[in-house]
Amino acid sequence: MTSTIVAEGLHQRYRGGAVALDGFDLNVPEGIVHGLLGPNGAGKTTAVRVLATLLGFGTGRAEVAGADVRRDPASVRERIALTGQYAAVDDLLSGRQNLVLFGRLHRMRAREAGRRADELLERFDLTGAAGRSAKTYSGGMRRRLDLAASLIRRPRVLFLDEPTTGLDPRSRNQVWQAVRGLVAEGTTVLLTTQYLEEADQLAGRISVMDAGRVVAEGTPDELKSALGADRLEVVIREAGRLGDAAAVVGRVARSEPDVDPDLRRLRVPVTDRVGALTAVLHELQAAGITVADIGVHRPTLDEAFLHLTGRVEVTA
Amino acid sequence: MSVGTAVADGRVMAGRYLRHVVRAPEELVIYFALPIMFVLVFGYVFGSGMAVPGGGHYREFLIPGVFVMTMFYGIGATGTGIAVDLDRGVVDRFRSMPMARSALITGRMAADQVRALLEISALVVTGLLVGWRWHLGVPKLLAALALLLLLRLALSCVGVALGMAAKNPDTVATIVFPLAFPLSAISNVFVAPELMPGWLGVVSEWNPISATTTAVRELCGNPGIGADSWPAEHALLLAVVWPVALIVIVGPIAVRRYQRLGV
């Protein structure tokens with residue numbers, strides 16, 4: 001598979017001198033959604049702005065859709081589109097006028113630009129509002145218009161910088177749907193987000209960023225299992241039997257369980273999810289211990305994320 | 001990027017700024033109302049007490065100055081327009097597109113020229129209604145209007161540079177308006193410099209606004225061309241030199257500011 005986005009050792013400082021990118025590496029194959037995940041200030045937006053030719057960079061090398069970002073930004077711009085955190089549309093113009101304007105700037109003839117605008121308005125459910133000023137649009141409508149503007153010419157690479165921040169669930173689903181549709185047509189998407197659910201939903205691979213560099217990379221499942229094994233959790237009815245229960249669970253899982261007396265809960269890492277669950281349940285019943293709740297939990301992406309960026313010690 | 005595509009992109013961008021005028025005409029109304037108000041306030045309220053050196057009607061003296069002042073206030077419109085674009089992030093989209101980067105600036109300046117023509121037309125009508133006339137024929141009138149457009153072109157450059165520097169429409173307003181009034185007051189727009197205290201009169205004579213004002217008065221045969229000072233005698237020359245100098249100095253600053261947005 002060929003790489004559509006390549007970044008090698010990118011360094012970039014803010015004007016004040018603080019480091020924004022500190023050896024940022026990225027390799028995104030063609031035709032997937034790649035998530036760039038990280039807390040505020042991790043450098044996600046800087047990375048996207050550098051790759052989209054909006055921002056220069058210090059040292060390093062970057063290539064997007066086969067063109068060198070530093071040496072040939074014009075070719076990069078021919079092949080990309082960018083939808084940022086804030087809808088980059090003209091507030092005074094109507095939705096349709098916006099799309100026609102961007103079409104014209106893509107060197108379409110007036111008639112072609114008009115036709116494309118109507119298609120996109122239809123596709124993003126904006127036909128009814130086509131004549132209204134963009135400033136009268138709701139947040140979700142603006143974001144949809146912004147996304148539509150990115151799709152006037154189908155880009156080979158689409159940068160989506162926190163595309164659903166502040167959107168209601170319905171608009172968010174519409175954006176997600178549009179992204180999935182694009183990828184099905186062959187566009188490569190680099191998605192930055194703070195929402196782990198969003199990355200989980202859309203991204204085939206995820207890079208976790210912290211302090212200007214990638215600290216972990218993999219599929220969402222790989223990242224979750226990087227945190228460790230699944231955990232078996234048992235809550236028992238009588239606090240007095242916690243000691244007995246711990247002995248049973250420890251024997252089955254071959255590992256000392258965590259005991260939380262307040263919640264009457266025991267937790268232990270397991271490898272065989274179903275086997276461990278049935279065995280523990282069976283043994284506890286045999287020992288006459290009443291189980292109030294039992295389950296096996298995979299670490300959430302949130303936990304994986306916090307663990308990887310070291311923001312909070314995750315004790316599992 | 002060829003010159004042809006840069007021109008085409010600039011034209012699309014000019015169309016965009018003109019569409020703004022159509023879609024939000026209230027801004028233009030303000031820019032029309034302000035000079036008309038000045039004509040009425042100075043022409044009728046203060047004007048009864050104003051003297052024109054060498055004689056002549058005060059409103060004939062005033063109108064060329066208001067033409068120039070209107071061009072001058074255009075800095076605010078240009079600067080605000082550019083700052084709004086930067087503020088809202090729409091410039092990010094333009095910069096990530098394969099379009100000529102010059103188009104934002106050339107488009108804005110072209111649209112400003114069209115706006116200036118509209119503003120001048122409204123003022124010509126107002127002037128005729130209050131008794132202003134051109135006395136030296138249409139060719140000289142057109143030359144005067146051309147000088148006004150040249151001044152507006154230079155001030156567009158200033159406005160673009162200001163908008164790029166401020167990046168925020170409110171900042172532009174707080175810079176332009178407190179500066180615009182004294183700059184137009186300390187010129188020969190309302191009062192002849194020879195009636196001012198010595199040093200103020202000198203500042204006022206050399207003010208770029210005064211040069212174009214005197215030139216327009218001269219070309220329209222309006223009174224108050226002024227004393228025999230060097231700037232007054234070479235007003236036509238200065239009315240060309242000042243704007244060209246501004247374009248040469250500020251134009252590159254504006255372009256560099258725009259190119260450096262991403263650095």
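At roughly what angle do the axes of helix α3 and helix α6 of chain B cross? This is a predicted model, in which local features need pLDDT of at least 70 and side-chain atom pairs count only at pLDDT 80 or more, while totals for chains, interfaces and linings use all residues. Residues are numbered from 1 along each chain as its sequence is written, and chains are lettered from A and ligands numbered from 1 in the order in which they are written.

To the question, then. Helix α3 (residues 58-88) and helix α6 (residues 138-166) of chain B have axes that cross at roughly 30 degrees and come within 7 Å. Axes here are lines fitted to C-alpha atoms, for helices over the stretch in contact, with angles from 0 to 180 degrees between N-to-C directions. Helices themselves are DSSP runs of H or I with at least four residues, and strands are runs of E with at least two, numbered from the N terminus.

I turn now to chain A. Its helix α3, residues 95-105, is mostly covered, with 11 of its 11 residues buried. Buried means 20 or more other C-beta atoms within 10 Å of a residue's own, exposed means 12 or fewer, and partly exposed lies in between, with C-beta atoms placed from the backbone. Among the buried residues are Leu99(A) and Phe102(A). Just after α3(A), Arg107(A) has a positive phi of about 70 degrees.

Finally, Arg254(A) sits in the loop between α9 (242-253) and β12 (258-260) of chain A. Arg254(A) is exposed, because 10 other C-beta atoms lie within 10 Å. Between Arg254(A) and Val268(A), 14 residues apart in sequence, the C-alpha to C-alpha distance is 9.2 Å.
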